Amino acid sequence: MIQILDTITANGIAAGEVIERPASVVKELIENSLDAGASIINCDIEQGGIKRILISDNGCGMTPEDAVLAFERHATSKLNKISDLEHLTTMGFRGEALASIAAVAKVNLHTRQIGQEQGFEVIVEGGKLIKSQIVGCPEGTQIEIRDLFYNVPARYKFLKRDQTEQGYIADLLTRLALARSDVSFRLTSNQNNLLHTPGNNNLLSTIYVLFGKETTEAMVEVDYFFEPVKLSGYITTPQVSRGNRSRQIVLVNGRSIASRIVSAAITEACKTWFMKGKFPSLVINLEIPLNLVDINVHPQKTEVRFWDEQIVFRAVYHGIREALESGSTVIKGEISSSFYDSITPVSVKFKETPLDYSFDEKKPHANNPLKETITQATKQKYNADERIHPAEQARAFIMHQQTDQADPEARQTELSYLKDSRLIGQVFQTYLLLEHENRFIIIDQHAAHERIIYEQLHDQYMKNKNQLLNKQILLQNETLELTTHEMALVEENLAEFDRLGFEIGLFGNNTIIIRTVPDTGKKFSNPVSAVKSLIDSILDQSFFQEDKHDELLYTVACKAAVKAHDNLSYNEMKKLISDLTELVNPYHCPHGRPLIIELRQTDLEKLFKRIV
Ligand code: ADP
Ligand code: MG
């Protein structure tokens, strides 16, 4: 028997589509505030928004009649007929959000139209109108949502911890604030200020407030036109990179979206610039004529459909490449050694548009002359690098010992000859050169040190019980700026960091202090970047997976090790070599790259054609 559902049930079901968690409530309400023309939007939450969300805006406000009507399904002031759909510039238009939210929470709305004497209050609980009356209130709209899902236990059960829900909201506010630098956003949680943007219509100062100084200073401008797409924004050069894409904000016509095709274009464009597993922070906006993009595919409007994906791909790809190429020549501030550390040997991997997004001759954009110019420029650049890159040529001589199963005693004697070898010195502040009988040996100092430390940490990890890694106190505390979301993650996992040897203190709203690092018996090279990597591993969950702990140890070892371009004293080199002979696997760094290359005298003689 078919039945027509009553309104409350129907709204409850619709709510499931749009309202998944506190962050979805915040999103809908802030979009309404933006549609109402607000220039200041404040969001105050308690217990991750589950207990209470209060959004206040200085927008146009509503008449008493509209304030009641707003809670009806399909009540919207933004769309009259289907033909309007193509020309929408507002964030909402379905007229569902308020009805859906009110169906699953307790809502208290105060609103006063600009210039009106009196305000109006509407109270709705679980979809039922409880009360509406004239009241005094500020101009604009304040809407308070309490006890989300109090009447839908099934949904309530799926909510995560307060901190996690708060993180989603902070992330959302970050995206909205970056999309609308002309609006001032403030987020407080249990009265603590989490973020507050200036609303001065300057994207870079908004980025500064949200991502911090270091990231902002490493950014270059993106400014590119690829008919009919206009691309603008900022991207970090490889100087500052991250282990995930969480700081890649893509906007289409000013709204934050997710798009496979744009992500693919970013990945391709960054491939030769950033090391594998490293990503830039970026905020880019694509301006596309409204009729060429459909933002209404997804009920929460986070996905878009483009009329021509190839053009969008090329716009983003070339726009980003151009920005990175221009930026790489002017590196602002001091070039730290970690900068070198994060540069990929581009020449080996470089390929132009490996995906087949080649130009289609039939399309009007086929003859874009920009593409040719860019391709030429990049090719020249990388060819130049290729010539001076010796790694490829030497590859033929890499030692291929399989040592993993062999007995440690035997191995030690195998490499112990290194101790008796003559240390010739260091070249390019990166490689150690040695001679022994008829062998010429080259050691990558960073890879070798990384391996040594990794094995040390691995030993500690296997022996220790509760404290996984031993600690050493840093002579000088290091500080690190974080986003609100990251801060919450660190705060939640302080004990885990401690177990891994990192004693971390919280300092103000978004700064942490690193007091100790894992004990490697030596100076720990880069504590800040080790902690950053661990935060990234929290984001991708590997932090919590025991079978991924070995990878965490690699990462920590990598950050602890001396870097390429560190000058080593004679004694430091000697120590490194003798440590190396003690290792279980002295042939490869934890990432699998070779760390020793050996040339026989005969190899050299062949190269010089003394023998054939
Ligand atoms: P939609 O945004 O899709 O129109 P909503 O359910 O989100 O639907 O909102 C219903 C209507 O309530 C809106 O069309 C708008 O007229 C009004 N409204 C909601 N929030 C506000 C606000 N903060 N300021 C002014 N008007 C609002
Ligand atoms: Mg809306």
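User: Happy to start with a helix. How far apart are Arg451 and Glu455 in helix H16?

Analyst: Helix H16 covers residues 445–463; helices here are DSSP runs (H or I, at least four residues), numbered from the N terminus. Arg451 and Glu455 are separated by about one helical turn, because within helix H16 they are four residues apart.

User: Before we go on, what kind of model is this?

Analyst: Residues are numbered from 1 along each chain as its sequence is written, chains are lettered from A and ligands numbered from 1 in the order written, and side-chain values use heavy atoms, leaving out hydrogens and water. Local features need pLDDT of at least 70 and side-chain atom pairs count only at pLDDT 80 or more, while totals for chains, interfaces and linings use all residues, since this is a predicted model.

User: Back to that pair: are Arg451 and Glu455 buried or exposed?

Analyst: Their side chains meet in a salt bridge, at 3.1 Å from N to O. A salt bridge here is a side-chain nitrogen of Lys or Arg within 4 Å of a carboxyl oxygen of Asp or Glu. On accessibility (buried is under 20% relative accessible area, exposed over 50%, partly exposed in between, with a 1.4 Å probe and protein chains only), both Arg451 and Glu455 are buried.

User: Nice. Which parts does the salt bridge between Glu214 and Lys532 tie together?

Analyst: The closest N and O atoms of Glu214 and Lys532 are 3.2 Å apart. Glu214 is partly exposed, at 45% relative accessible area.

User: Now the packing. Where does the largest nonpolar core lie?

Analyst: A nonpolar core is a set of buried Ala, Val, Leu, Ile, Met, Phe, Trp, Tyr and Cys residues joined through side-chain atoms within 4.5 Å. This one has 55 residues, and Val26, Ile30, Ile55, Ile145, Phe185 and Leu187 touch the most other members. Helix H6 (residues 162–179) gives the largest share, eight residues. Both domains, with bounds from an automatic or database domain assignment, contribute residues, so the core lies between domain 1 (7–196) and domain 2 (212–327).

Conventions
Helix = DSSP H or I, 4+ residues; strand = E, 2+ residues; numbered from the N terminus.
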